[in-house]
Amino acid sequence: MKPFRLLLALTFQVIFTQGAFASSPSLSNILPRGAQRGTEIDLNFHGDRLDDSVEVMTYTPGFAFGPIEVISPKHIRTKVTISNEATLGEHLMRIRTSSGLSQVKSFWVGQFGSLAEKEPNSEFSTPQPVAMNTTVEGVLENEDVDYYVTEFKKGQRISAEVEGIRLAGAFYDPYVAILNSERFELASSDDTSFLLQDSSVSVIAPADGSYIIQIRESSYTGNGNCRYRLHIGAFPRPIAVYPAGGQTGTNLEVKFIGDPAGDTTRTITLPPKSDERYRIRAEADGLLSPAANLLRVSPFPNILEAEPNNNLAQATPNPIALPAAFNGIISENGDQDWFRFTAKKGQRFIFRAHAKSIGSPLDTILNIYGPDKKHITSNDDSDNRQDSKIDFTAATDGEFTLRVRDHLKKGGTDYVYRVEAQSISPGLSLTIPYFARADYQSRQMVYVARGNRFATRINAGKANFGGDLLLEAIGLPAGVTLKADSMHTSVNSGVLLFEATAEAPINGALVNLIGKHVGKEGKTISGSFSQPLDFVLGQPNNTVYYKSIAPKFAVAVVEKLPFEIKVEPPAVPLVRNGTLGLRVKAIRKEGFDASITLRLLWHPPGISSQPTIKIPKGKNEITYTLTANSGAALRTWQIAMMGESDAGKGQILASSSLIPITVAEPYLGMKIEMAAVEQGKDGQVVCKLTQSTPFEGKAKVKLLGLPAKVNAPEIEIDKTTTEISFPVTIATDSPKGQHKNLFCHLTIPAADTIIPHNVGHGGVLRIDPPPKKPAPKPTPAPEKKTPPATVAKVPPVKKPLSRLEKLRLEAKNK
């Protein structure tokens, strides 16, 4: 066996042969959900379009498959022999047919023989008998409670652990309890930090006798998809390990914490390579804990807390220069751990806590204090996780202090943590984006038809470095080649094109897909593809409750398809603020006339197009238009167009070859001078031209963005033209005011085609109303002569004399 080849299934003659042009298969579940290692069982795969199955592909070693028997298009069966060396726990599988690849599903390997649930077992008084050290496979229906009875001796460990939500069949929450024969509950478990929603309980038998294991959905809302594997026996069940990690390639003494028989220690040799989820299992009396405890293996030396270290003055000293890893346990409510470390001015380190990520209940808060004992910075949650992270740069030389505590100031013996303080380092990972919201399976694999092509988009997660990436696939099936442009430093995504020869054998492989960057000094930064498997989603907003990771890229060669997609390489560039029409042809086989949907899987920066466009039924050619904005990156990009159709049995896919698209500056620049014209009159819009790239022949220019009822003719120019003037006709009722959206559409002839440009954006045309005519002066009315009015004469009224005047008058008259 090749050491790095993980595809261990064999190819067999299939009993049933499907007609031509079948679609890729669908896989909904694998039954039974698990089995004991070192045994042979019948394995059933349920889904759709499985009738041309040729292979079971596995991502891990330890499986040998017999011939595949096709029961129906929705059901196939095969015998599988599970090696004694197969790893306990989850294994990933998919079906390869002669027409495609199925989704990934999980299968579990355990240490115990399996027993199927048998009704009636829904009452405490009628439990199903189970031998010690057995795995029961069952289903929790609505309002269902299952009971199992096992005999134990006094002092024996009674352990029960369930694989429920981790079987990835449904979002549900199993509950497990241990009861004695008098129905007294000895222990129960709903959720666990290290098993997510799955449960685990373990106690020491207080007396000889029968003990009942109860399992149910915690809210009694099960259904036919709520399957479980319940392990019942005397196996050890620690709930944490300390320290929570160690340095690569070293021996590490680990304490297993929380087993009812007491804590134990064991020295293990850590692997030479880093592993974020290194699995170790406790062992007692030849039995292993079903689920592993997690350790982080990293290149940093360990610093272990030394109690008391509950305040700054008691902080654990650190003789090790960073980078290093701080390890401890928040062992009781209110506990907090302090560590010292030294740094020089300008040194930068990332302090990342690991607790929730390794199955600890601790919700960390990190704080850093300076040499002056003053608080510098803190963090609770980071990167959409409950584990903390601090990006720290020392402002001065000196001794600093790190504090670790729980967000709610809780604690316990299993509240373990590891804080890794590391220098800034580059990182690279490759993924394929989800094809649709919450769809983690579609288009995450490649199945390329003989004599055809298949394209996929690839995303690169680059951290702390820049530069181009080279992409390669190691271990492709015979007859398949990868064609990919290097991923330019300015982008984090691109297109991979897989092409199969017409004679390529129908085959498949799990491939190492690798991205590499070679720096100026020859240092290589590399990363590989992995497929996130969001197996269980739930509320709110499709929250991921259980996920796994497929570490390889599945590629298969399938039977020929009834069409190919050909795109004529463009002979001219796509200019900024311009468009480019791609001539797309469907090469159809006789009798195939279905419509074909086209889509670009990736757009270079600044380039856009319609999401999809169809070649209609019976048609063979269409134009797919690309548009570049003013900031489109100036270089030649490689794109690919995927064609999707249906030949009667589901979707079939084929891609074009890589299409080179050269983005260039416009051949000329333009400035539209502001123009003002009166309603109902003719005017001129003057445009100043700046020639950049000479062209032959006559180019046509249209003035666009004009308001309603304004017209301007098309004008021809050549490479010597520096100014044009559009005569514009303004209707009497055209809208008045400033119109600021004028631009010109320019078509330049080149290579028996045209290069469309949109230039001169932002031109202004002001339409003024006609000036108002002055109002005529009013004519004065003729003056009428009015005869003088006759005034009556009234005799004056004499003023009466005063008393004094009367006396004077009398004296005068005497």
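Asparagine 44 is buried, its relative accessible area being 15%, where buried means under 20% relative accessible area, exposed means over 50%, and partly exposed covers what lies in between (1.4 Å probe, protein chains only). The residue belongs to strand 3, which covers residues 40-48; strands (E, at least two residues), like helices (H or I, at least four), are DSSP runs numbered from the N terminus. The side chain of asparagine 44 makes a polar contact with the side chain of arginine 77 at 3.2 Å, a polar contact being a pair of N or O atoms within 3.5 Å in which, within protein, one must be able to donate a hydrogen and the other to accept it, while residues adjacent in sequence count only if both atoms are side-chain atoms.

This is a predicted model, in which local features need pLDDT of at least 70 and side-chain atom pairs count only at pLDDT 80 or more, whereas totals for chains, interfaces and linings use all residues. Residues are numbered from 1 along each chain as its sequence is written, and side-chain values use heavy atoms, with hydrogens and water left out.

Isoleucine 178, in strand 16 (residues 174-180), is buried with a relative accessible area of 0%. Isoleucine 178 and serine 189 are eleven residues apart in sequence, and their C-alpha atoms are 9.2 Å apart in space. Alanine 731, by comparison, sits in the loop between strand 66 (723-730) and strand 67 (737-750) and is partly exposed, with a relative accessible area of 24%. From alanine 731 to arginine 183 the separation is 548 residues in sequence and 95 Å in space, C-alpha to C-alpha.

Strand 30 (residues 324-329) is mostly covered, with six of its six residues buried. Strand 30 runs parallel to strand 29 (residues 302-304), to which three bridges join it; two strands pair if DSSP finds at least two bridges between them. Within this pairing, leucine 304 stands opposite asparagine 327 of strand 30. With strand 37 (residues 416-423), strand 30 pairs in the antiparallel sense over six bridges, and there alanine 324 stands opposite alanine 421.

Strand 52 (residues 596-600) pairs with strand 54 in the antiparallel sense over three bridges, and the bridge partner of isoleucine 596 in strand 54 is isoleucine 615.

An open sheet of five strands has the order 61-68-67-63-65, and its pairing is mixed. Its edges are formed by strand 61 (675-678) and strand 65 (715-717), each with a single partner strand, so one side of each is left without a neighbour in the sheet. The twist averages 35° from one strand to the next. Strand 63 (residues 699-704) and strand 65 pair in the antiparallel sense over three bridges, with isoleucine 717 in strand 65 as the bridge partner of alanine 699.

Rolling a probe the size of a water molecule over the atoms shows where empty space is left. The structure holds three cavities of 30 Å³ or more, a cavity being a set of points, on a 1 Å grid over the protein atoms alone, where a 1.4 Å probe fits but cannot get out, and its lining residues those with an atom within 4 Å of a point. The largest cavity has about 110 Å³ of space, the volume being that filled by probe spheres set on the points, with grid points joined across faces, edges and corners. Its lining comprises 13 residues, of which Asp485, Ser486, Gly494, Trp602 and Gln638 lie nearest its centre. Strand 43 (493-500) and strand 56 (636-639) are the elements that give two or more residues to this lining, and strand 43 provides the largest share, three residues.

Technical notes. Axes are lines fitted to C-alpha atoms, for helices over the stretch in contact, and angles run from 0 to 180 degrees between N-to-C directions. On a 1 Å grid over the protein atoms alone, a cavity is a set of points where a 1.4 Å probe fits but cannot get out, and a pocket is an open set with protein on both sides within 12 Å along at least five of seven lines; lining residues have an atom within 4 Å of a point.
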